[in-house]
Amino acid sequence: MKTDIEIAREIRLAPIQDIAQDLGIGSSQVEPYGHHIAKIGLECLRPEKIAKNNLILVTAITPNKSGVGKTTVSIGLALGLNKIGKRAIIALREPSLGPCFGLKGGAAGGGYAQVLPMENINLHFTGDFHAITSAHNMITALLDNYIYQNRDSCLGLSEVLWKRVLDVNDRSLRNVVSGLGGSTDGIPRQTGFDITPASEIMAILCLATDFEDLRRRIENILLGYTRERQPFTVKDLGVAGAITILLKDAIKPNLVQTTEHTPAFVHGGPFANIAHGCNSIIATKMAMSYGEYTVTEAGFGADLGAEKFFDIKCRIAGLEPKLTVLVATLSALKLHGGLDEKRIKDPDSEGIRRGLLNLDRHVHNLRNFGQRVVVCFNRFASDIDSEIEMVRQHCEQELGVGFAINNAYMEGGDGAIDLAKLVVETIEQCPSMPLQFAYKLEDTIETKVEKIATKVYSAGRVTYSSKATKAIAKIRELNLEHLPICIAKTQYSFSTNPKDYGDVRDFEMKVSDVVINRGAEMIVIIMGDIMRMPGLPKVPQANNMDIIDGYIEGLS
């Protein structure tokens, strides 16, 4: 089969003004970035349409390192819905350069189920990530200048919380010392870098409901503490207006199209293992403003992405998905069934049988959130029909959930018609339930953590480092305990050990640190050894990339 980038090049794209016009968005509201990408103004939101839309979440079982293809399924489902006569629009996250040049090689779908132009989307796109990086680091520069200028004054700070960010995987930047040199080169201090998707500015952009809300949240960012142990914010620094200026275009969602010219809003890109893992509220509501069905996704497995989608994004935005699609693959099931990672493509029915316990856990959790669930089997060329049938029978007969195979990678929308029909039938025929959150906002921080750890992860107990305990005490002092929590942990296991595959239970979860995202209005709970700045693999995908005769090669 042709590579993703070869398929993408062969698609004759429609002018982006035509895609917008087909939605009902006038040319005066379209800001083109070239011929096939545009930003859409926030005035195009239609609140009266949003409430009538069928929002569908795509999530997954616990993935293996190469993932399970959620984005391909999300795009394929939208294509399939349009094939059966439904008006479907997609809302996705933007890819990060870090994983693109590191492990993944791209994140715009695959095969005949892609968002296009994939080269632009995977690389610099409309500059949103650069704007977020610049805004974040502008705050850091202004903060460092404030500290330097007030180094001999009572206005100085006793503690600095704010770091820098960069949209690359660079383990060498996790811990650094800045300000070295002479007395005019700044104040030496230990600091570090996070990757841009972990930036609080990224979370703020994705959770802001409008431009005014964006400005308000930026003002509230906690940068550190004064010598009197009082919080010091961006508002105190006096630069909220300047930072908001840098994001004036980035807040507008990006409109692109799929391989079959389905409209897609691609906007924002927080990771689900170190942030909240969902595209922007504005982009999701923009898609809901113009479609009958909106397909969106949340990163990694349902224990991370879906939980945060429900408990953070839906709670803030007032959204209620009509259904959740749980994606599974034979490779992931075999990994959770005890097979070595080098053997997960080999036939092994017993491995699948054991691995289904992981799928069962995710179905159980999603039902506890009040969700109607269907399982989508994302098919790969090496899959065996008899093993797929094992998964089907387990889902339909033992779990009582709908099951469909996704072939959109090979066949585009035609390969997702069965999934689309199942989704529509389930929404129309099965009784709906209100969304159930994992915790109440009035719960203590420890209670919120314990409820997610025990209900969603099936942990036995939660312990806290002294650093985390002190941070929680500070949260109470600042009256911020009512905020939702965002757990940062490995995506490869329910536990904090990335090698604990399958249906692991009754383990200890240690909270190593707690970060106050006062502007994003959530508390980040860091568990285990998770890093907010990833590293590169031994052989990065960058080694496979080149530009030959004007064509980019190596993206996927």
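How many nonpolar, polar and charged residues does the lining of the second largest pocket have? By class, this lining has 15 nonpolar, eight polar and twelve charged residues, where Ala, Val, Leu, Ile, Met, Phe, Trp, Tyr, Cys and Pro count as nonpolar, Asp, Glu, Lys and Arg as charged, and the others, Gly among them, as polar.

The model is a predicted one, in which local features need pLDDT of at least 70 and side-chain atom pairs count only at pLDDT 80 or more, while totals for chains, interfaces and linings use all residues. Residues are numbered from 1 along each chain as its sequence is written, and side-chain values use heavy atoms, with hydrogens and water left out.

**The pocket.** The second largest pocket has a volume of about 1,200 Å³. It is lined by 35 residues, of which L161, K163, K467, D513 and V515 lie nearest its centre. A pocket here is an open set of points on a 1 Å grid over the protein atoms alone, where a 1.4 Å probe fits, with protein on both sides within 12 Å along at least five of seven lines; lining residues have an atom within 4 Å of a point. Strand β22 (508–517) is among the elements that each supply at least two lining residues, and the largest share, six residues, comes from β22.

**The two sheets.** Helices (H or I, at least four residues) and strands (E, at least two) are DSSP runs, numbered from the N terminus, and two strands pair if DSSP finds at least two bridges between them.

| Strand order | Pairing |
|---|---|
| β7-β12-β13 | antiparallel |
| β20-β22-β23-β21 | mixed |

In the three-stranded open sheet, the edge strands are β7 (157–160) and β13 (231–233), each pairing on one side only. Strand β12 (residues 222–226) pairs with β13 in the antiparallel sense over three bridges, and L222 stands opposite T233 in β13. Helix α7 (residues 128–149) lies across β7, β12 and β13, running at about 155° to β7; such angles run from 0 to 180 degrees between N-to-C directions, with axes fitted to C-alpha atoms, for helices over the stretch in contact, and contact means heavy atoms within 4.5 Å.

In the four-stranded open sheet, β20 (461–464) and β21 (485–488) stand at the edges with a single partner strand each, so one side of each is left without a neighbour in the sheet. Strands β20 and β22 pair in the parallel sense over four bridges, with Y464 opposite V511 in β22.

How values were computed: Grid points are joined across faces, edges and corners, and a volume is the space filled by probe spheres set on the points.
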